[in-house]
Amino acid sequence: MAICILLRHGRTQANADGVLAGWTPGLGLDDTGAGQARAAGSRLAATPLAAVVASPLQRCQETAAAVLAAQPADRAVQRHTEERLGEARYGAWTGRPLKELAEEPLWREVQDHPSGVTFPADEAFAHESMAQMAARAVEAVTEWDARIEGEHGAGAVWVAVSHGDVIKAILADALATALDDFQRIVVDPASLSLVHRTPGRPFVLRTNDTGSDPVDLSGLVTRLAAQGASGDAEVGGGAGSKDVG
């Protein structure tokens with residue numbers, strides 16, 4: 001019953017240059033990305049956060065720091081690093097221009113059949129399959145949801161700061177969408193996506209939100225704390241409210 005805000009890191013120079021960064025060390029946010037991270041933090045300032053859990057990569061750590069800096073000083077927001085939220089391990093594809101990778105046969109598989117893709121091995125960078133990436137990411141979010149709820153109660157809100165493909169895989173799982181179709185999901189830099197897991201099913205409240213409005217979940221949090229959640233959807237769609245910001 002915790003609420004997870006999935007936040008992709010802000011833009012990096014690799015994003016701007018069309019390079020697959022992967023686990024390249026020392027790659028932080030560029031000026032645009034730093035501004036995006038600050039804006040995301042400002043949007044979340046109205047929402048009391050139980051924790052911010054980030055990928056260990058620098059671009060995510062810097063984005064997490066911007067979110068935490070925007071929280072009021074009287075809020076004690078826990079900060080954690082989670083390896084399983086790290087970028088896909090692209091192996092020999094790491095650091096290469098996307099326009100070059102698009103010429104390789106594996107590119108078509110990544111687009112059309114990612115569940116069967118394992119990235120090529122490399123001496124400098126670890127590699128894994130897309131399915132392994134998806135499994136570890138979903139496992140991490142599921143475990144952190146339970147931990148946050150156990151420590152902070154029903155309706156607690158936390159932020160997972162991660163990467164594009166990783167967040168797409170988490171959203172695909174929440175939407176009961178096969179990994180082979182996860183490329184249909186778009187996750188832009190510094191975008192917010194919201195998932196609320198219940199005993200019955202996950203509810204996807206937002207995807208790829210790059211707007212400027214404050215994200216205020218106070219109504220939803222209050223209702224969950226008071227009523228709980230069965231996991232049943234409202235037949236007909238319900239009346240709607242400001243509960244999801």
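**Entry 1: aromatic pairs**

I began with Trp-107, which is partly exposed at a relative accessible area of 21% (buried means under 20% relative accessible area, exposed over 50%, and partly exposed in between, with a 1.4 Å probe and protein chains only). I note that this is a predicted model, in which local features need pLDDT of at least 70 and side-chain atom pairs count only at pLDDT 80 or more, while totals for chains, interfaces and linings use all residues. Residues are numbered from 1 along each chain as its sequence is written, and side-chain values use heavy atoms, with hydrogens and water left out.

How many aromatic pairs does the count come to? I find four, under the rule that rings of Phe, Tyr and Trp (its six-membered ring) pair if their centres lie within 6.5 Å, with planes under 30 degrees apart counted as stacked, over 60 as edge-to-face and the rest as tilted. For Tyr-90 and Phe-119 the ring centres are 4.9 Å apart and the planes stand at 80 degrees, so I logged this pair as edge-to-face. The pair links distant parts of the chain, 29 residues apart, with Tyr-90 in the loop between β3 (78-81) and α4 (98-101) and Phe-119 in the loop between α5 (105-112) and α6; helices (H or I, at least four residues) and strands (E, at least two) are DSSP runs, numbered from the N terminus. Tyr-90 is buried at 4% relative accessible area, and Phe-119 is buried at 2%.

I then looked up Trp-93 and Trp-107, an aromatic pair that is stacked, at 6.3 Å centre to centre and 25 degrees between the planes. Trp-93 lies in the loop between β3 and α4 and Trp-107 in helix α5, so this pair ties together parts that are 14 residues apart in sequence. Trp-93 counts as buried, at 3% relative accessibility. Tyr-90, Trp-93, Trp-107 and Phe-119 form one aromatic cluster.

**Entry 2: charges over rings**

I looked for charges over rings, where NZ of Lys or CZ of Arg must be within 6 Å of the ring centre and within 35 degrees of the ring normal. Arg-89 lies over the face of Trp-23, at 3.8 Å from the ring centre, and the charged end of Lys-168 sits over the ring of Phe-182, 4.9 Å from its centre.

**Entry 3: nonpolar cores**

Which residues have the most contacts inside the largest nonpolar core? I read off Leu-6, Ile-148 and Trp-158, in a core of 38 residues, where a core is a set of buried Ala, Val, Leu, Ile, Met, Phe, Trp, Tyr and Cys residues joined through side-chain atoms within 4.5 Å. The elements that give two or more residues to this core are β1 (3-8), β2 (51-54), α6 (130-152), β4 (157-162) and α7 (164-174), and the largest share, eight residues, comes from α6.

**Entry 4: cysteines**

I find zero disulfides, a disulfide being a pair of cysteine sulfur atoms within 2.5 Å. Cys-4 is in no disulfide, and the nearest cysteine sulfur, that of Cys-60, is 13 Å away. Cys-4 is buried at 1% relative accessible area, and Cys-60 counts as buried at 0% relative accessibility.

**Entry 5: positive phi**

Ala-176 has a positive phi of about 55 degrees although it is not a glycine, and Ala-190 has a positive phi near 65 degrees. Ala-176 lies in the loop between α7 and β5 (192-197), and Ala-190 is found in the loop between α7 and β5. Is each buried or exposed? Ala-176 counts as exposed at 73% relative accessibility, whereas Ala-190 is buried, with a relative accessible area of 12%.
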